Amino acid sequence: MTTSYRITLLPGDGIGPEITAVARQLLDAVSARHCFDLAYDEQPMGGAAIDATGEPLPASTLEACRRADAVLLAAIGSPQYDTLPREQRPETGLLGLRAGLGLFANLRPVKILPALIDASTLKREVIEGVDLLVVRELTGGVYFGTPKGRVEAGGRVRAFNTMAYFDDEIDRIAKVGFELAMQRGGRLCSVDKANVLDVSQLWRDRVNAMASDHPGVEVSHMYVDNAAMQLVRNPRQFDVLLTSNLFGDILSDEAAMLSGSIGMLPSASLGSSGPGLFEPIHGSAPDIAGQDKANPMAMVLSAAMLLRIGLQQQAAAADLEAAVDRVLAAGYRTGDLMAEGCTQLGCRAMGEQLLAALEG
């Protein structure tokens, strides 16, 4: 009997529908090649959902995601929604989706592809051989802590957010970091600001307490400001970076630029059970939406993570990743990666090249 999986697709806003179309075409091809079926359920999310229903995460979309075996999200957001109350903005829908699915662990791999080594703004000798993974806590910290808000007093306005973590929230993300380090290079660097933040001192204490259970992992600690500097000074020193929500948000985007373009990097968000959420880390790029200029590579690599982690289809995931490598090695580029001697393609044409590489 052929195995069948349910995939909820969230094309979202901006370039989202364009890169979703490419990813779906490749998923169809690779699933047929490896003899399993994918059943898609496309749902509105972000600005598209606001336009259709008046809210960024309709209850029907969240329920469809909960029923799925995996969720593939493209991108959400647009300046036209920036004036809405915060609770009605696309980004609030994304936070609600993460919370609604219990997705507490965000994985962002950064691996330098040989064909793109000269696309980075950093020197070749700095980034050659970089292969790191940012493990970011996703449902706690300053983005979710309470109390938060704005108050007026004595003619002044004060805004505040609370950075807070329970020990068990730290333990569960640290466990993910340790387990992934054991599967990779055996090195875990925990990022905090323990010299000034009580919440970071608890973070460091819990990571140290867990270290004795993982003797095969070399544990180090680094203040977040130093980590930001070291990522551009000597990124090869890192294997797994374990971070809180806020610090991981910032550092993973910085790490993304090691590869030359944020348009190349995928991510996975996982919980203790239920479907994972797989998405490129770039935004919706509304300035190029509908112009066939988008780079679909990060979306395709997110689909590969979906296959590998979400569906346990390792061979199919490897085929998608190999297709990306072959197309880049052949000199095909979207505008964000264009270099002398290469052939520039639009989003659809890049998808066709990826499909040809997959089927070749």
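1. Ser259 sits in the loop between helix H9 (245–256) and strand E11 (266–270). Helices (H or I, at least four residues) and strands (E, at least two) are DSSP runs, numbered from the N terminus. This is a predicted model; local features need pLDDT of at least 70, side-chain atom pairs count only at pLDDT 80 or more, and totals for chains, interfaces and linings use all residues. Residues are numbered from 1 along each chain as its sequence is written, and side-chain values use heavy atoms, with hydrogens and water left out.

2. Is Ser259 buried or exposed? Ser259 is buried, at 6% relative accessible area (buried is under 20%, with a 1.4 Å probe and protein chains only).

3. A polar atom of the Ser259 side chain lies 2.7 Å from the backbone oxygen of Ala256.

4. Beyond its neighbours within four places in sequence, Ser259 is in contact with Ile112, Leu116, Ala119, Met264 and Leu265 (contact is heavy atoms within 4.5 Å).

5. Now the cavities. The count is one cavity of 30 Å³ or more. A cavity is a set of points, on a 1 Å grid over the protein atoms alone, where a 1.4 Å probe fits but cannot get out; lining residues have an atom within 4 Å of a point. The largest cavity has a volume of about 50 Å³, the space filled by probe spheres set on the points.

6. Which residues line the largest cavity? They are Met163, Tyr165, Val191, Asp192, Val199, Ser200, Trp203, Ser244 and Phe247. Strand E8 (187–192) and helix H7 (198–211) each give two or more residues to this lining. H7 gives the most, with three.

Notes. Buried means under 20% relative accessible area, exposed over 50%, partly exposed in between (1.4 Å probe, protein chains only). A polar contact is a pair of N or O atoms within 3.5 Å; within protein, one must be able to donate a hydrogen and the other to accept it, and residues adjacent in sequence count only if both atoms are side-chain atoms. On a 1 Å grid over the protein atoms alone, a cavity is a set of points where a 1.4 Å probe fits but cannot get out, and a pocket is an open set with protein on both sides within 12 Å along at least five of seven lines; lining residues have an atom within 4 Å of a point.
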